[in-house]
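Please read the numbered points with the model open alongside.

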Amino acid sequence: MTDPQAPAHPPTPPYSSRTPVHEQHLDGFGTVRILPLDPAADARVVHGWVSGERAAFWGMNGLTEQQVADIYAHMGTLDTHHAFLVVKDAEPVALFQTYDPAADRVSECYDTEPGDIGVHLLLAPAGTGGARPGWTAALSGALMAYVLLGLDRTRIVVDPDVDNEKAIARFLKQGFTAGPRVVLPEVDLPDVHLPEKKAQLAFLRREVAFAG
């Protein structure tokens with residue numbers, strides 16, 4: 001007999017119906033898919049990440065789920081700033097943002113070059129198994145492939161908070177070169193408010209990331 005409670009078809013894996021901007025299989029790691037962020041559909045997951053104390057440097061502590069959705073909906077109207085949900089084997093694992101440094105406040109703090117791209121990365125909290133050696137490096141490799149090769153950019157720029165020692169150490173371990181410590185100016189616009197930020201700039205050139 002057929003179970004009347006059983007679904008007519010197997011459930012669709014989360015995110016599988018969405019078209020990635022980049023998909024890459026890494027041996028021994030899994031498949032990484034970079035999906036354009038859907039502010040409404042992804043708000044619950046993203047809010048859970050950005051509202052945690054570990055994400056204080058992301059600058060969204062204290063915001064409601066709707067406020068987070070509104071911020072990313074506004075970002076979705078821009079041509080210069082983009083947000084993505086990174087999924088590994090159907091599991092959301094990171095919030096990833098790219099931006100044109102020439103259209104960002106960071107351009108007031110260093111000499112931009114053609115081919116520059118800025119990135120922000122927020123990893124999801126470690127699961128029940130805890131930290132996994134090599135996991136972040138593998139994931140970052142797929143993200144670098146997307147921005148440097150897929151988007152044909154020549155240099156990545158990052159601007160972590162000077163007190164975010166963990167993020168700075170991670171970037172340097174990945175081959176970034178430390179730049180100057182700067183003060184990103186406050187942005188106070190009708191749709192966007194960003195407080196002043198003391199940041200450590202760091203840079204990664206394509207020939208370094210993909211040497212040989």
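Does Pro 185 count as buried, partly exposed or exposed?

1. Pro 185 counts as partly exposed, because its relative accessibility is 23%; buried means under 20% relative accessible area, exposed over 50%, and partly exposed in between, with a 1.4 Å probe and protein chains only. The residue sits in the loop that joins strand S7 (177-184) to strand S8 (187-188). Helices (H or I, at least four residues) and strands (E, at least two) are DSSP runs, numbered from the N terminus.

2. Leaving aside residues up to four places away in sequence, Pro 185 touches Arg 105, Glu 108, Cys 109 and Glu 196, where contact means heavy atoms within 4.5 Å. Arg 105 lies 80 residues from Pro 185 along the chain, yet their C-alpha atoms are separated by 6.7 Å.

3. On the basis of the work: this is a predicted model, in which local features need pLDDT of at least 70 and side-chain atom pairs count only at pLDDT 80 or more, while totals for chains, interfaces and linings use all residues. Residues are numbered from 1 along each chain as its sequence is written, and side-chain values use heavy atoms, with hydrogens and water left out.

4. Confidence is expressed as pLDDT, the predictor's confidence in each residue, from 0 to 100. The protein chain has a mean pLDDT of 89, with 88% of its residues at 70 or more. Strand S6 (residues 155-158) has the highest confidence, at 98, and S8 the lowest, at a mean of 75.

5. Strand S2 (residues 30-36) has five of its seven residues buried. It pairs in the antiparallel sense with strand S1 (residues 22-26) over five bridges; two strands pair if DSSP finds at least two bridges between them. His 25 has Thr 31 in S2 as its bridge partner. Three residues separate S1 and S2 in a hairpin, and in its turn Gly 28 has a positive phi of about 80 degrees.

6. S2 also pairs with strand S3 (residues 81-88), in the antiparallel sense and over five bridges.

7. The structure holds two cavities of 30 Å³ or more. A cavity is a set of points, on a 1 Å grid over the protein atoms alone, where a 1.4 Å probe fits but cannot get out, and lining residues have an atom within 4 Å of a point. Grid points are joined across faces, edges and corners, and a volume is the space filled by probe spheres set on the points.

8. The largest cavity has a volume of about 100 Å³. Its lining includes Phe 96, Ser 140, Ile 156 and Gln 174. Helix H3 (135-150) is among the elements that supply at least two residues, and H3 gives the most, with three. By class, the lining has nine nonpolar, two polar and no charged residues; Ala, Val, Leu, Ile, Met, Phe, Trp, Tyr, Cys and Pro count as nonpolar, Asp, Glu, Lys and Arg as charged, and the others, Gly among them, as polar.

9. The second largest cavity has a volume of about 30 Å³. Among its lining residues are Pro 160, Ile 168 and Gln 200.

How values were computed:
1 Å grid on protein atoms, 1.4 Å probe; cavity = no way out; pocket = protein on both sides within 12 Å on 5 of 7 lines; lining within 4 Å.
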